[in-house]
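Thank you all for coming; I would like to take a few minutes to walk through one model, moving from strands to helices. Please keep the sequence and the structure in view while I talk.

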Amino acid sequence: MKILSVNAGSSSLKFRLFEMPAEEVLISGVFERIGIGESFYTIKLNKDKIKKEAILNNHEDAFKILVKELIENKVISSTDEIKAIGHRTVQGGEKYKQSVRIDESVINDMIKYSPLAPLHNPAAITGIKAAKNIFNSAEQVAVFDTSFHATMDKINYIYPVPYEWYTKYGVRKYGMHGTSHRFISKRINEILGKDNTKVITCHIGNGASISAILNGKCIDTSMGLTPNAGVMMGSRCGDIDCSIIPYIMKEANMTSEEIDNILNKKSGLLGVSGVSSDSRDIEKGIEEGNERCILAQKMFVRKIINYIAMYYVELKGADAIVFTAGIGENSISTRKQIMEGLDVLGIKLDENANNCRGEEKLISTKDSKIACYVIPTDEELMIARDTYELV
């Protein structure tokens, strides 16, 4: 059965087509700059990478070109061969604790939850509607980032604010990156050869979140009501003193919308360094002796260490710590700094093993009290698995 995994952004569309249940990747790629001019797309097929310019006014244009490429490259003979499409969806509120088939009520709920994920849910809805128009015989499935974190107890997801904010307005910790944390949780349990595990998963990219996972279930996670909570990130501030917001609104004569934009898009590594939100640029700045890049990196590492330490205590130990996502999989120096900062827990870094990028590997020594791994995440595969099981 051919299953298409889709991750729609406001101006992008990532895709991967699987033959299930073999989990064979038939084709993958991404459409970029949709609706903003100078658009293009890249596809990977049979180890070849092809880049083409295209007029992409909307997501439907992207799906039309995708169909054309699939047929011309003989991946499919007609759209009827694609039986289902799984969509990455960020916010499912308290209602959606697992992936579901998409109907009008699901779309309406996604619209209702959009204020909690204003950059993500509307983009996903756009992708779903475009996919329905082009692949009208395929079933559509929503895979929610928040669903994996639905196993948290109230003690961890209720905020210490008036309880009515939760009951009336849904103010609580939801968590994000759940599809990635779930994939990593399953994979590390396979590696360890058991299900009764205590694992701390570190999804560290431009957006970053840490999760505490007990026996395959999330008991706590760093992101909160929105993705701008927890550790410092590429352009997001993470946890801060909330009184900073009214103070700066008054002192700088800013609106709440302007402050929110700055805290999400101009803070974190970018805000402190003044250079970039990209970890690679920060590392380059460090090599050049840029003091603010050095400070930004030290702060970034410290925030991650703090959450790992907190979850170690909450789990009452840990069988494994896993690094994943863009920085977690590829930044040798960031992993080294985090692990060295956790030496009090008996963690020992294997310098040679850690000299790797984008590959599954044990990077702690044999006598390390906690095993530390790099495991590349695969959200698209997780989406395909959920979609296949549902249809």
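How many of the five residues of strand β11 (residues 217–221) are buried? The strand is mostly covered, with four of its five residues buried, where buried means under 20% relative accessible area, exposed means over 50%, and partly exposed lies in between, using a 1.4 Å probe and protein chains only.

Before I go on, a word about the source: this is a predicted model, in which local features need pLDDT of at least 70 and side-chain atom pairs count only at pLDDT 80 or more, while totals for chains, interfaces and linings use all residues. Residues are numbered from 1 along each chain as its sequence is written, and side-chain values use heavy atoms, with hydrogens and water left out.

When I say helix or strand, I mean DSSP runs numbered from the N terminus, helices being H or I with at least four residues and strands being E with at least two; two strands pair if DSSP finds at least two bridges between them.

Let me stay with β11.

Stepping back, β11 belongs to an open sheet of six strands with mixed pairing, in the order β11-β10-β9-β12-β14-β13. Because β11 and β13 (361–362) stand at the edges with a single partner strand each, one side of each is left without a neighbour in the sheet. For β13 the partner is strand β14 (residues 371–374), which runs antiparallel to β13 and is joined to it by two bridges, with K361 standing opposite V374.

What does E314 contact, leaving aside its neighbours within four places in sequence? This residue lies in helix α11 (residues 291–315), and it is in contact, meaning heavy atoms within 4.5 Å, with N156, I219 and D220. E314 is partly exposed, at a relative accessible area of 26%.

Strand β4 (residues 40–45) and strand β5 pair in the antiparallel sense over six bridges, L45 stands opposite D48, and of the two residues between the strands, N46 in the turn has a positive phi of about 50°. Strand β5 (residues 48–53) lies largely in the open, because the number buried among its six residues is zero.

Finally, a helix pair. Helix α2 (residues 104–112) and helix α3 (residues 121–134) pack at an angle of about 155°, with their axes 9 Å apart; the axes are lines fitted to C-alpha atoms, for helices over the stretch in contact, and angles run from 0 to 180 degrees between N-to-C directions. That makes α2 roughly antiparallel to α3, since angles over 145 degrees count as roughly antiparallel, under 35 as roughly parallel, 65 to 115 as roughly perpendicular and the rest as oblique. On the α2 side E104, I107, M110 and I111 meet residues of α3 that include A124, I125 and I128.
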